[in-house]
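The briefing below goes with the sequence and the model, and is grouped by topic. Please read the two side by side.

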Amino acid sequence: MSRVWRDRLPAALAVALLYYAGAHIGALLKIPPATPSAIWPPNAILLAALLMHSPRDWWWLLLAALPSHLAVELRFGWPTSLVLALFITNCSEALIGAAAVRALSDAPDRFDSLPRMSAFIVGGAMLAPIVSSFADAGVVAVLRGDAFWAVWRARTFSNILADLIIVPAVVALVRDLARWTATARPRVQIEAALLAVFTIAIAVGVFEAPIGDSLIPGSPRTPVAFLLPCFLWAAVRFGPSGVSFALVSTALVASWAGTHGRGPFNGLPAADAVLALQLFLSVMAVPLLCLGALIQERWRTEAELADRLAFEQLLSRMSGAFVLAPGRGVDDAAAIWLGKLAVYLQVDCAWLLVRSSDAPSMSMGSSWVAPRVPVVSSVDPMRDLGWLVAPTLDAAPVAVEDVGTLATDERASMRRLSVRAVLAMPIGAGGRVLGALVLASIDGPRPWPELLRARLRLVSEVFAGALARQAADAALHAGEAMKSAILASLSTGVAVLDRTGRIIAVNERWTTLAHDQHEIVTGDVSVGANYLELCLMASMQGAPHAGAARAGIEAVLGRSRSMFTIEYETDGPAGERWAVLSAVPLSGADGGAVVTHTDITERRRAELEAQRSRQELAHFSRVSTMGELTASLAHQLNQPLAGILSNAQAARRLLDSSQPDVEEIRSILDDIVEDDRRAADVIQQLRELMRKGRTDHVLLDLNTVLQSVVRLVSSDAIIRGVSVEVDLTPEMAIVHGNRVELQQVILNLLLNALEAVGTGSDERRVLLCTQLTPTSVEVMVEDTGVGIVNGADHRIFEPFFSTKPGGMGMGLSIARSIVEAHEGRIAAKRRTPRGTIMTFVLPLVGGRAV
Amino acid sequence: MTSTRPLIAVVDDDVSVRRALARLLQAAGYHAETFADAEAFLAYPASHPPACLILDVRMPGMSGRELYDHLRAERRAIPTIFITGHGDSRMAARAVEAGAAGFLLKPFEDEQLLEAVEEAVAHGP
C-alpha cells in the first residue's frame, strides 16, 4: 500500500465508521414507513469530512462511506437501485454543502466567527439539504411512489437539523477533542461533563417525562424553555462546539422520544410531531450557534491580542538581548533566541543561516531542534537544501506548506531531513542579504500564514541587526588583531603618547629596548609614565640627548612639527650602540603622538664597516697608483735634487776662487732652499696620499686640489710625451669633502687618460677642465686615447672590470664610491672622433661663489 | 775673452737645473747659454754653434732626443751630453749608440759633467 493511502486510511475508516453509526442512529429514529428519519446523521458526517479535506480528497472520502451505506440501507429491504440512488443524493448533499461553504468561507472547517458560521449555516446547513432533497424526493417518488413534497419536506428539515447540529460536533470531535482533552484544564473538563449531564437530564425530563409528570408541580409538562440555560451555558463556555454537542444530545433524546410517541409534540400525528421537533431544534440551533461563534470570535480576538503581546514581548526581549550581548556573544544570544522563537512559533526546527562574506552561499550559524525531534546532525544548508536557500540569497522567501506539493528531488531532500513543511525567510539589512531564517515542521504539513511571515520579517530585522553587528565586530576584531600582530612583529619599539605625553600603549619591543633609552629618559618607560617628564629628569641629570628629545616630542605633540627624529649613540652591556628615536603626531581629535625607538646598531656597524673597507680599498688603490707613478715621482724628486747638487757644487767652486762672488753665492743658496722646498712638497704630497684611514670632510677648493694632482702627474705626462691642458674656472669651487680621496679620484682619471693617450695616438692630449653650475661643480677629463670598448660604458665602474693588461679593475670602482660618498655622480662617455670624456659632479657648498 | 771660452748650451725645462748648470759651467771657465725648451734653442742663431750641448731628455713639447735627431738630420750635429731625471738605462745606451757624447743621470757630480764637457769640446762633433 502506498504511503498516500496509508495517510488516507484513518480518515477513510473514520468516515466509514461514523457513517455506519450515523445511519444506524438515523434508522432507529425513523418513523415508518417514511424514508426520512427525525434526524439523519450520515449526510452531516459526510459534509463534515469534506469540509475538513481539500476537494482533491473528496472522492475517496465519499467512496469510503459507500460500504457503510450499503450495509445499513440494504437491510431495510429497499431495492438496490433506491439504495444506490439515495447514496448519490446523500453524496450530492455533502458535495453541494462543502462546495458552498468553501465558496463562502475563508476557513470551511472553522465555525469560530460569525461570517464563518453564517457561511456554514447558509451554504452547508440550508442550501445543501434544500437542493439535494429535490433529487432525493424525486428518486423516492419514482422508485417507491411516495408523495414527492412529503418526502422533500421531511428530508429537508431532517437534514437541515442534522447538518446544523452534527457538523460542528463532528468537526470538533475529530479535530479538537484529542487536543482539548490533553490541554484543557481539569476544571473545564469537569464543567463540560456537568454540562453534558445537566443537558441530557433536562432533555430527558422535558422530552421523556410522561404527561402530567412535570418538574413543576401543577404544570401539565416541563417547559422546553428549561433547556435554554444549558444551551446558553454551552455557548458561553464552550462556543459552537459546545452548542453543537448540547443540541445533538437534546436532539437524540427528543427524536427518540418523538419517534416513540412521547414528548411535548406527542399530541400531533407522528410525522407532524417530528417536523415540529425538527423546526423547534433548528430554530433554536441557529441563534445558539451564532452566539457560540460570536463568543468564540471574541475569545479568538483576545487570544490573538495575547499572542501579539507575547510576540511583541519576545521581539523586544530578543532585540534587547542582541543589543546587550557583547560582539562575540551574538552567536550565543542567537542560539538562545532562535530556540525561544521556535518554541513560540511551535516549529520543530529552526536554523539561522549566515551568508558567506565572499561567496554566494550560506552556512549554518545557529540551529535549534525541539527536544522530542530526532536530531538531524550536520545539516549543510547549501548541500542539503540548496533549492530552498538559493532564493533567499536574492532576498526571496520560500514557503513549503506540505512536502507533498514539491518536485521529486526537492521532496527527497526534505524527506531525508524528515521535514514536512519549511519556511525560509531572508535576513537582510540595507538591501544586503546577511543570512536566512529557516523554520521547519517535522510532524506534518503546516501553513505559513501571512501573519507569521510578517512577524518573521520583524524577527529577521532583529537578526539582521545582530548579524550586521557581529560582522562589524568581527571586522573590527580582525583589524585589531592585525594591528597588534603588526605591532608585535616590529623590530621597532612603539609607544603611543596622549597629548600630555603620558604613555598609553607600548609594544613588546618597546619594553625590551627600554634600556637603550637612558640617554634620553630616566626611569620606567612603561604605560602610565609621562615620557616628557622622564626626558626632563634625564635632562637635569645631564643625559646628552634628553633636552633635544623632549623639545622635539613636545613640538610634535603641539602639532608645530610633523616629525621629529634624533639619532644617538649609547653604551650598552655589549658595547657601543646606536639608536633612533622618532615621533610623529597621532591623527584624531584627542591628539597625541607615536614615538618609535629603533636599534640601528647593526645598520650603523655595517655602515662603518663599509666605510672602513672602502677607505682601506681606496688606500690600497692609492698605494698601487703610487707604484705606477714611481718613475714620474723619481723624476720630480730628481729635478730639485739635481738642482741642489749642481748649485752646491757651483758654490763650492765659487768659494774656491780668489774673490768669491758673495751675491752669486747668496742667489745659489736661495735656489737651493727653493729646490729643497720643492722636493719636500713632493714628499709631503706622497705622504698624504699614502696615509691610511679616516680623514674628516672639510671645506676645500676643488680647483686647488686639481692643480696639486696635475703637478703630481706632470712628470708622468712629460715622460709619456702627452700634453696636459688645464682649464679651471677662475672662481673657487668650494666643496665639502676629503682632500685625499678627491685627489685620488682625479689622479685616477688623469692617469687613465694619460695611459689611454700614451698607447699610440697621433694627437696626444689630455684636457682637464671645471665648470660651475649654480649648485654644482663639474670636472671633466677628456683624452684623445683609444676610447671605451663598445658597451662597457657602465661596466667600467664595476669592480674588477679592466681593459688594461695587468689592471686590477678597482680604480674607477673606487672613484665612483668616493664620488658617491661625496653625494656626487660620475659618468663616462665616448668622445668624437676618438677618446673618452670622464665627468664627475660634486655639489657646491653654499652655491656658486662670485 | 769671449773667444777663449767655449760656448756650452744647456736645454732643460727645469729652471733650477738650468741655473745651477750655468753657474757650474761658468765657474769651470765655460760660457753657458740656457734654453727652457728645444724650440728656444733652435731659434738661437746657427752662426754661433755651441761647442757642447747639455740636453734634458724629457721635456714638454719637443723632447731632447727629438732635438738631437733633428740637429743630426740638418747636419748641425753638436757634441751632446744627455741628462735625465728619469732613470732609463736602455735609453742611455741608445743615445750613446746614436753618437751622443755622454749620458748623465740627475743628480750628477760636477766632475762627471765637466769631464764629459771637456771631452766633448776636445773631440768636436
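**Surface patch, aromatic pairs and salt bridges**

In this predicted model, A:Leu127, A:Ile130, A:Val131, A:Phe134 and A:Trp149 form a nonpolar surface patch with about 450 Å² of accessible area together. Patches are made of residues with over 30% relative accessible area and no salt bridge, like charges being joined within 9 Å and nonpolar side chains (Val, Leu, Ile, Met, Phe, Trp, Tyr) within 5 Å; areas come from the Shrake-Rupley method with a 1.4 Å probe, and for residues only the protein chains shown count as cover.

Residues are numbered from 1 along each chain as its sequence is written, and chains are lettered from A and ligands numbered from 1 in the order in which they are written.

**Patch**
- Helix H5 (residues 114-144) of chain A gives the most to the nonpolar patch, with four residues; helices (H or I, at least four residues) are DSSP runs numbered from the N terminus.
- A:Leu127, which is found in helix H5 of chain A, is partly exposed at a relative accessible area of 42%, where buried means under 20%, exposed over 50% and partly exposed in between (1.4 Å probe, protein chains only).

**Aromatic pairs**
- Over all chains the structure holds 14 aromatic pairs, meaning rings of Phe, Tyr and Trp (its six-membered ring) with centres within 6.5 Å, where planes under 30 degrees apart count as stacked, over 60 as edge-to-face and the rest as tilted.
- The rings of A:Phe148 and A:Trp149 have centres 5.2 Å apart and planes at 90 degrees, so this pair is edge-to-face; A:Trp149 is exposed, with a relative accessible area of 53%.
- A:Phe134, A:Phe148, A:Trp149 and A:Trp152 form one aromatic cluster.

**Salt bridges**
- There are 37 salt bridges over all chains, each a side-chain nitrogen of Lys or Arg within 4 Å of a carboxyl oxygen of Asp or Glu.
- A:Arg155 and A:Glu93 meet in a salt bridge (2.9 Å, N to O), and because A:Arg155 lies in helix H6 (residues 148-183) and A:Glu93 in helix H4 (residues 80-104) of chain A, the pair ties together parts that are 62 residues apart in sequence.
- A:Arg155 is buried at 5% relative accessibility, and A:Glu93 is buried at 1%.

Technical notes. Predicted model: local features only at pLDDT ≥ 70, side-chain atom pairs only at ≥ 80, totals over all residues. Heavy atoms only, no water. Helix = DSSP H or I, 4+ residues; strand = E, 2+ residues; numbered from the N terminus.
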